[in-house]
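Open the model in your viewer and keep the selection panel at hand. The tour moves from the whole chain to single side chains.

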Amino acid sequence: MRDAAIEAELDHARTRGPVRDIVIPPCPQLLRQLLDATAHGDPEPGVLEAIASADVAMAAALIRQANSPVYGLQTPVATVGQALTVMGVRPAVQLLMGFLTRSALHVHSPVLAHFWETSTRRAIACEHIGRQLYDMDVGLAYTFGLFCHVGMPVLLRAVRGYASTIAEALARKDRTFTQTENANHRTDHAVVGAIVARAWRLPSAVAVAIRLHHDFTCLDDARYSDTVRHLVAMALIADRLVLLHEGVAEPQDWAAHGAACLAHLHIGAAEVDYWLDELHPALDAVRVD
């Protein structure tokens, strides 16, 4: 399978390529526990409560979310256990995953001012698309959406001049975002993001799909797993949904590859328009402190 070839490429980039000098932050211990607990489905509430209660700020974020207008409580909750009862396991897992990831990859930069809001919305959109497919693990889809562009904050922290590269890549029309990254730094956020995913022991399909999420030739290559190809197609559709919601132009790749992604997942353009309306409340409710 080509998935194994991608993993070999990432090993080479990490040990002998331009990425070897980039510091990859370690996976937070609590995130590792959360990922292990959710590897085979939703964890027991007691396990989740123990993880959430291990960090005061994270517990406070969970309680604050449960007390938000989204849940419309008449009596505010005061404990992590109560918050989990109100929110449910899956939304709580998603909140904790985002909190821990942001904490590990925190950056102060105007070019990534809304990075985590957009990443969370992408994850929500990927999960929603995954629910429309018969054989997609929606938890895997959410994780992929959240981590899809995680290479960008890592590069911003580690590589001089990367903030200017982001601005240049967004402005250029003569080449793709990753082509501009490679021209300036000999690597790109897809490679670095996939290395982060491997270092943090995310599912292999997530790491491979992150590496390929700007390489749409994989959609027609049956040597890649169906899961990887589905995730790559989902990413571009999810990005379009999120950017339209945020009032930003369509993704750079949409004009060239949007139709192929829709066809790969057997989705009609009208469905995507319907999803934009359907997802509006969830996307609009995203607030990252």
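Among contacts in the protein chain between residues at least 6 apart in sequence, what percentage join residues at least 24 apart? The value is 67%. Keep in mind that this is a predicted model.

**Whole chain**

Start with the cartoon view. The protein chain has 16 helices and zero strands. Its C-alpha trace spans about 55 × 45 × 40 Å along the principal axes. The radius of gyration is 19 Å, which agrees with the value near 19 Å for a compact globule of 289 residues. Colour by accessibility next: 54% of the 289 residues count as buried.

**Helix 2**

Select helix 2, residues 29–37. L30, L31, R32, L34 and L35 are buried here. Note that R32, too, is on that list. Now show what covers these buried residues: the cover includes helix 3, helix 4, helix 6 and helix 8 (138–147).

**Helix 4**

Move to helix 4, residues 56–66. Its buried residues are M58, A59, A61, L62, I63 and A66. An α-helix has 3.6 residues a turn, so residues three or four places apart point the same way.

Zoom in on the start of helix 4. A side-chain oxygen of D55 comes to within 3.1 Å of the backbone nitrogen of A57.

**Helix 6**

Select G98, which sits in helix 6. Is G98 buried or exposed? Its relative accessibility is 6%, so G98 counts as buried, the cut-off being under 20%. G98 and T143 are 45 residues apart in sequence, but their C-alpha atoms are 9.4 Å apart in space.

**Helix 9 against helix 10**

Show helix 9 (residues 151–158) with helix 10 (residues 162–171). The two pack at an angle of about 135°, and their axes are 8 Å apart. That angle makes helix 9 oblique to helix 10. Which residues make the contact? Helix 9 supplies M152, L155 and L156, while helix 10 supplies Y162, A163 and I166. Six of the contact residues are nonpolar, with no polar and no charged ones.

Stay on helix 10 and pick T165. T165 is buried, with a relative accessible area of 2%. Its side chain makes a polar contact with the side chain of N184, at 3.1 Å. Leaving out residues up to four places away in sequence, T165 touches T180, E181, N184 and H185.

**Y224**

Last stop: Y224, in the loop between helix 13 (204–212) and helix 14 (226–245). Y224 counts as buried at 4% relative accessibility. Which side chain does the Y224 side chain reach in a polar contact? The partner is R2, and the distance is 3.2 Å.

Finish by drawing a line from Y224 back to M58. These residues are 166 apart along the chain, and their C-alpha atoms are separated by 37 Å.

Technical notes:
Residues are numbered from 1 along each chain as its sequence is written. This is a predicted model: local features need pLDDT of at least 70, side-chain atom pairs count only at pLDDT 80 or more; totals for chains, interfaces and linings use all residues. Side-chain values use heavy atoms; hydrogens and water are left out. Helices (H or I, at least four residues) and strands (E, at least two) are DSSP runs, numbered from the N terminus. Buried means under 20% relative accessible area, exposed over 50%, partly exposed in between (1.4 Å probe, protein chains only). A polar contact is a pair of N or O atoms within 3.5 Å; within protein, one must be able to donate a hydrogen and the other to accept it, and residues adjacent in sequence count only if both atoms are side-chain atoms. Axes are lines fitted to C-alpha atoms, for helices over the stretch in contact, and angles run from 0 to 180 degrees between N-to-C directions. Angles under 35 degrees count as roughly parallel, over 145 as roughly antiparallel, 65 to 115 as roughly perpendicular and the rest as oblique. Contact means heavy atoms within 4.5 Å. Ala, Val, Leu, Ile, Met, Phe, Trp, Tyr, Cys and Pro count as nonpolar, Asp, Glu, Lys and Arg as charged, and the others, Gly among them, as polar. The radius of gyration is taken over C-alpha atoms; the globule rule is 2.2 Å times the number of residues to the power 0.38.
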